[in-house]
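The sequence and the structure come first.

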Amino acid sequence: MDQSASKYASRLSLALVLGMFVAACSSTPGKPPGGEPDAGPQPGGESDAGPLPERDAGPVVEVPDDGGTVITDTLAGTLTERGSPYRIVGDARGIVRIPKGQVLTVEPGVILDFVGTPRVTLADVEASAPDSVMNNQDGRVELQVYGGIRVHGSAEKPVSFTSSNPHGWWGMNFFGDQSVGDGHPVFEHMVFEQVRKVNYNGDRDRTRGAMWAFYPGPVTITDSVFRNNESAAKCGALDLMFTVGSRVENTLFENNRTWDIDRFAVEGSSSMAGGGAMCITHGRDSVVRGNTFRNNVLRAFRGSLKSALAPRPLLTWPNPQNIRDLGGGGALHYFQPNNDLVEKNRFEGNVVTQGPAAAIYLEDMGTRALTLRGNEFIGNQAGAGGVVVCSRGSGGVELVVTSDNLFTNNTVNGALAPNVSGDCDTSTR
């Protein structure tokens, strides 16, 4: 591990960069399989375990402005609270790696501050377009995972992945088979925040999922918090891509955003924006249980309000431009789900503007692809479709929606939303 235990003497202008990276956003708000639009709570609205618990906004972890350990190249071994906070600056390209064949273990109470080089970030502004999404790209740091990672915080001392750079960091990224072989990733009692992946039409590690877990195996995330993260294309906080048997449990997803910047596409391309908070794409056998998805936003199908790029209209297929517009989901987006379970979660106040699916968008479904059991859907908003929208069903019964799911005060363009809409066949068992 390339690191020094000397004091961060210059403090890297932390008096300047301790301001929180906040991108506030606001929005206004077919025949459903299996019934009429939502008219309030449904029978059997509580799960077998009783009402779902409320969750607060998660712990606030302050980043000290002095002391700690500087990391410039590789990140491995064991990080202890005694060496914390770890100031992640990255190499000359703004990258820090967990190398193949090595394992990073993070103990309770550790703060990883992905500060990068704030003076470069702040200087990276186009004078002619100060609000452009292409500003403040340089100087941020990205964590690339090729080895193993084990994050073991505690309820009293969570591990914090954050950034005191006012323009955030590039997040944590896995790279398929290149990231497999040193043990499956585990994250317990973690706070993951302040990622800003807004590289216009860039690679996936710079446009989707604050944690982009392209990982052909199980990823385990429990008792954690994902908040205040942004992505340009898809999956504001988390993208589980090609994973098998992943578990996300007892975790809060709050105030994450997908800006849909990449839908300013060229001829022959497409917008596949989806998942204000989270996506599960191309995987199977995942469990999403006991989580809260609250106030996440997918600003879909009219472009980003933060962008200086000119928006284009939503295009229906076929069209002369040869563009396909797909995707949706204020909280969750599944692409090709396969034997996946969404159970005992609370979806509250999530929003997708213009696009479909106030809470969950399901795309390219086979038989028994997804089961929804004992969830609460409260006050979610969309511009089209219903609370749950199914697109391109291709099996027998593709979606199971048990009778103990509860739908309350969800809207589409201000009217009561259908609980489920789209072209999938549904069943209650």
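## The methionine in strand β24

M278 is buried, with a relative accessible area of 0%. The model is a predicted one, and in it M278 belongs to strand β24.

Once neighbours within four places in sequence are set aside, M278 is in contact with C235, L238, L240, V248, F253, V288, F293, A331, L332 and H333. K234 is 44 residues away from M278 along the chain, and the C-alpha atoms of the two are separated by 8.3 Å.

## Disulfides in the whole structure

How many disulfides does a search of the whole structure find? The search finds two. A disulfide is a covalent bond between the sulfur atoms of two cysteines.

With the bonded cysteines counted along the chain, the pattern of pairing is 1-2, 3-4.

## The pair C235 and C279

C235 is joined to C279 by a disulfide with an S to S distance of 2.2 Å. C235 sits in the loop between β18 (230–231) and β19 (238–241), while C279 sits in strand β24 (residues 278–281), so the bond ties together parts that are 44 residues apart in sequence. Strand β24 is also where M278 is found, and C235 is among the residues in contact with M278.

Is the disulfide of C235 and C279 left-handed or right-handed? The torsion about its S-S bond is about -100°, so the disulfide is left-handed.

The sulfur atoms of C390 and C424 are 1.5 Å apart, and the two residues form a disulfide. Where do its two ends lie? C390 is part of strand β37 (residues 388–393), and C424 is in the loop between β42 (420–422) and β43 (426–427), so this pair ties together parts that are 34 residues apart in sequence.

The link of C390 and C424 is left-handed, with -40° about the S-S bond.

Are C390 and C424 buried or exposed? C390 has 3% relative accessibility and so counts as buried. C424, at 4% relative accessibility, also counts as buried.

Key
Residues numbered from 1 in each chain as written. Predicted model: local features only at pLDDT ≥ 70, side-chain atom pairs only at ≥ 80, totals over all residues. Heavy atoms only, no water. Disulfide = S-S within 2.5 Å. Helix = DSSP H or I, 4+ residues; strand = E, 2+ residues; numbered from the N terminus. Buried < 20%, exposed > 50% of the residue type's maximum accessible area, 1.4 Å probe, protein only. Contact = heavy atoms within 4.5 Å.
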